[in-house]
Amino acid sequence: MAKSLFEEKLNSDRFLVTTEVGPPKGVDISEMVHHIELLKDKVDAINITDHQSSVMRFPSLGGCLLVKEHGGEPILQMTTRDRNRLALQADLLLAYSQGIRNVLCLTGDSIDVGDHKEARPVFDLDSVQLIVTVRTMESGKDLGGTDLKGAPEFCIGASVHPAADFIEPQLIKFEKKVAAGAQFFQTQGVFNFDTLRRFMQYARQFDVKILAGIIVLASARMAQYMNDNVPGVIVPQAVIDELAGVEKGKGLQKGIEIAAGLIKTIKEANVCHGVHIMAVGRESIVPEILEAAGLGIGAHV
Amino acid sequence: MIVAEQKPFQEIRGLIASYEKILVLGCGTCMTVCGAGGEKEVSLLHGALRIAQARGGDESHSFLEYTVKRQCDSEFLDVLEDRVKELDAILSLGCGVGVQTVAARFPDTPVLPGVNTTFMGAAEELGVWDERCAACGDCRLAETAGICPITRCAKGILNGPCAGSKNGKCEANKDMDCAWTLIYKRLERLGQLEKMRRYYPPRNFRTIPRPRRITSKAGIELGGANG
Amino acid sequence: MDSALHDTYRSYSSNAAKRPSFDHTFVPPCQAACPLHMEIREYVDLIAQGRVMEALQVIREDNPFPSICAYICNHPCEDACRRGQIDKPIAIRALKRFAVEFGGDRVIQPEAETTHEERVAIVGSGSAGLSAAYYLRKLGYPVTVFEACSELGGMLRAGIPKYRLPREVLDTEVQRLIQMGVEIRTNTRVVSLDLLFDMDYKAVFITVGAAQSRRLGIEGEDKPGVVDAITFLREVNLGLRPSIGESVVVVGGGNVAVDAARTALRLDAKEVDLVCLESRQEMPAFESDIQAAVSEGIVINCSWGPRSIVGDDKVTGIEFVRCTSVFDGEGRFKPSFDESVKTSFTADTLIIAIGQVPQIPEDFRLRIGRGSTIRVDPVTLTTNREGVFAGGDAVTGPATVVQALATGRQAAFRIDDYLQHRYPLVGKEEKESLLGDLLPKTVEMIRKLNRFEPPVLPPQARAKQFEPVELVYDWESAVNEARRCLRCGMGAEILFQDKCAACLTCLRVCPYHVPYLDDSGTVQIPADQCQACGICVGECPARAIVLRKPQDRRHIDEELDHALKTAAQSKSKPLIIGFCCQYGLYGTGALARLWRQAKAGIWIVPVLCVAKIEAKHILRAFEMGAEGVFIAGCGQEQCAREDTAFWALQRIGKARKVLAQIGLEPKRLQAINLYPTETDPAKALDEFTEQVGELYLASAVGQEVKT
């Protein structure tokens, strides 16, 4: 019996599409709600990010509740940067009780890249330990060893970095996450099909579902900035050059084109189980990308 | 080695502002080695404070200087016993441990810290100190080929790496190596990569509640075998 | 500042406060090798600093006749000099000559008063006798020197040629003795010691030398044209001009033989051959003299033993056989020959120089030992007769001038002990001698420099006249040669091991890799490797390292205090203090010009290398009123030590940080001529002076506005 709607879809043969919506820095959630409304029927699940890049925002748990409220399928992104094991377990209990059934277990970006640089980093757990925590709670106990009065159940996800410049340690980590109980993976941004293919040659031996992360770039400068400052993002020079080659104002168009093209290739090659589109603040263009990739309305519901 | 850095000069002047007779007290062990509070630094700071006062014109401190072998053992402070009565404050260039020991030993004299104790570390080369140990109390260097993930990984994770490592450098500080990249390479060199493949459960942070204590004394109760 | 607390609590151990500042230097090999035990390291260093008159004072303290030694000493100091382990030994003798000539040694009038009644007789006026006369006179004794010849000097006059020791130099020294009150009796041969005692002399010092030439003992030795070297040299040196032929053969391999050969060349000889038993390496004559002889055209023929002298009514030639070895297995003189290998030389003059022995009259009733020398106790120099002492060549056989001078000094003190009825106060060396060679890791880091050789007359110019062959250094060469000195034994030491935190800073900063960790984890700075640069002294965070020489330890503080005091009196503003390397101030190049161009308001604090300047010195200058401070060095290229410019700049950086903290502009502190830049140092100093002037005016105005 699948633990969530999303898990059902994972177990089918369909090519899946997920995307993420970033919460606001403040109490004005209108735009986030608008994005949720826009996307809920076009994708198989929506991630809500958890203080992405260590910038303080409206919590992912709150955003997932809104997704649920508006009829979408939420994936709760949970990082270990800000909460200790008590708080994490408590949030899992709350999430489950409100019908959230998918959780993406992440370590989280370091405090230093964000906007509260003097904050205390928690990291009481890391991503692997968080996966184990979820599994432990599913078995009816908390991390302290005490029985739970009612155990949660989650479809567990994690991240992996196929485009890392030094891949071997990343693969060791990946295997540890699989062994710990991760069921699906959303990768860090890939820009090169070959990179993805090579990774999948190795990864398909494991009984997990992989969704390739697709980042939408809007300009060469954005690409360079992400390269230099955003953890986990490595944009190849060829892509930066391609973006640099277009005239001013046409950058986003190019970015969409690149993203869509990549998604199409991935789907046609059937190399992995789907894609996870990261529009980084431009959630409203996701439908356009889906169109361009041939995954428009109707293809999914 | 405990490594510290002298506080900014203006901050020190602020600390001593309301005191007249001040002893600048150096430490002959760690603070000498890391160049923050040995006899030479004491002398230099004293000179600078004197000149600053002469130029400033409105303060009236008088300074003494002295350096003990260590400030963290009270016996080394015996030599100051008689002099302390005449002092209004002690500006200690010892590490945090030293400052507190001096303060405990002379509870009637304000003791001011002159350095910021920063970390436990080693000199990679002359004049350059890197943090190496976080005193976590649960040393696992055997599992990580002698490279500490608590101090050298910005996130301190035990199942590393994270995805932020680029060119072998850490996402948080591009001048620092990604500890897990180093650990992988050294485990590979030792032929012990399986240590990295193991799952490491969450850390025992219970070592952290402060202050910790270690006792080497045995508690002996008389009677029975202890006759 | 409460200096009482500071001084009392200088270290941890309670005894340290009472510990006085000892001289912890070691006796360097040059001084240990010198029979007169002269403070060579000290006077060479003074010459390097340009303080030549002070160098001369040091020289005079231990040497009765510096100018004589300056010309002809065989310099055992140079043979022991450890610079030889790097490139070439320091030219110590030539430097002494420089000091003597520069300082005008000749014009000093020494004084001596008579404080004793006991009269002392000295028989023989060679080096040992004159030296004893000098010291005895200084001790206050009435001294009479008896000399059989018409002039004083012994071998100095009669044996050593004028081109090695000019006669004016000898005469000046003799004159000085006379002015000191030594009584001279020339043309007086002493035949009986009893007579001297009858004349009421209380002690007698026999220094008749070894002036009797050995004979070959072969056929033909008495033919006309054959002369012994001593007689020959004496005649030449006393102004007679003995006739010699054009083709001269000198038999012998020692200094007398070489002197005779070179003298003959300067007379009528056209060809001079020197023939000796020894192989080239075995020849006992001084190497430099042999080379000089060769360059003058004398032919050296080695490993030949004389067999017979040929000629009828006068000598026409001499025949030799091959000498296969000179010394036997135990090093004794026992030549062996191969009679089948023969050679012969034609000669119209034959000079025999195969060794000299003393000629002691039987009436002296002295016990005579091997080689016809007088037997004495080596410590007291007493003979078998009460009150009779002996020394010099008469006791040792032919030896060196400096050894004889040392013996003369020793005899004077022993005679003093005897006459005052004391046990000999044999001076015990309080300091240890430096032993050990430089380690390869140290040698590697020392820059190789060519030895500045003293200039010499070209060989052609020497041939027919008796002017001194060696000329004196010019100023620059002398200073630069003196700077090559390694200053053995006066480097740094960890004086306060209890303060040492074993931080290893000294290990890491030393350019010569001298400090090391011993097996017990203690840092050691071996005295025999330290190059005395001073870098570690300033870098030690615990102040545990000091320079061994007490005068070095507070040198900069004292010089700075002196400059500040003088500056305070002059009241010129703004005050600029310049720490300048003393070694460079008198040397070549930029720093010398700087010194001369220093304007009013600039006060130079001479330091013995910029590596010894610490941030605290700079701060003190500012504290005591300097508006600007500069540090001027020889430049890393010129500096005799490595890495000095680097560390001087590091300390400047540190001082600037402190200055900024206390509200003084970092540009008030400047480095000049440490590293090459486009700007001429004198110009840089001008610009700096101007800049400081502006800052001074600005702050003076600021002060006014405040009030």
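## Polar contacts between chains B and A

Between chain B and chain A there are 20 residue pairs in polar contact, both residues of each pair being at pLDDT 80 or more. The model is a predicted one.

## Make-up of the chain B side

On the side of chain B that touches chain A, helix H6 (179-190) and helix H7 (194-197) of chain B each supply at least two residues. H6(B) gives the most, with three residues. By residue class, this side of chain B divides into 14 nonpolar, six polar and eight charged residues.

## Extent of the interface

Chain B brings 28 residues to the contact and chain A brings 33 residues. Together the two chains bury about 2,500 Å², of which 57% is on carbon and sulfur atoms. Of the area that chain B buries against chain A, 23% comes from B:Lys155, B:Ala163 and B:Lys166, more than from any other three residues.

## Nonpolar cores

The largest nonpolar core has 142 residues, and the members that touch the most others are C:Tyr43, C:Ile577, C:Phe579 and C:Phe630. Helix H16 of chain C (residues 401-419) gives the most to this core, with eight residues. Beyond its neighbours within four places in sequence, C:Tyr43 is in contact with C:Met38, C:Ala55, C:Val58, C:Ile59, C:Ile92 and C:Lys96.

Another core, of 67 residues, lies apart from the largest one. Among the residues of this other core are A:Phe15, A:Val17, A:Leu196 and A:Val275.

Technical notes:
Residues numbered from 1 in each chain as written. Chains lettered and ligands numbered in written order. Predicted model: local features only at pLDDT ≥ 70, side-chain atom pairs only at ≥ 80, totals over all residues. Heavy atoms only, no water. Contact = heavy atoms within 4.5 Å. Buried area = accessible area lost by both parts, 1.4 Å probe. Polar contact = N/O pair within 3.5 Å; in protein donor to acceptor, adjacent residues only side chain to side chain. Helix = DSSP H or I, 4+ residues; strand = E, 2+ residues; numbered from the N terminus. Nonpolar A, V, L, I, M, F, W, Y, C, P; charged D, E, K, R; others polar. Core = buried A, V, L, I, M, F, W, Y, C linked by side-chain atoms within 4.5 Å. Buried < 20%, exposed > 50% of the residue type's maximum accessible area, 1.4 Å probe, protein only.
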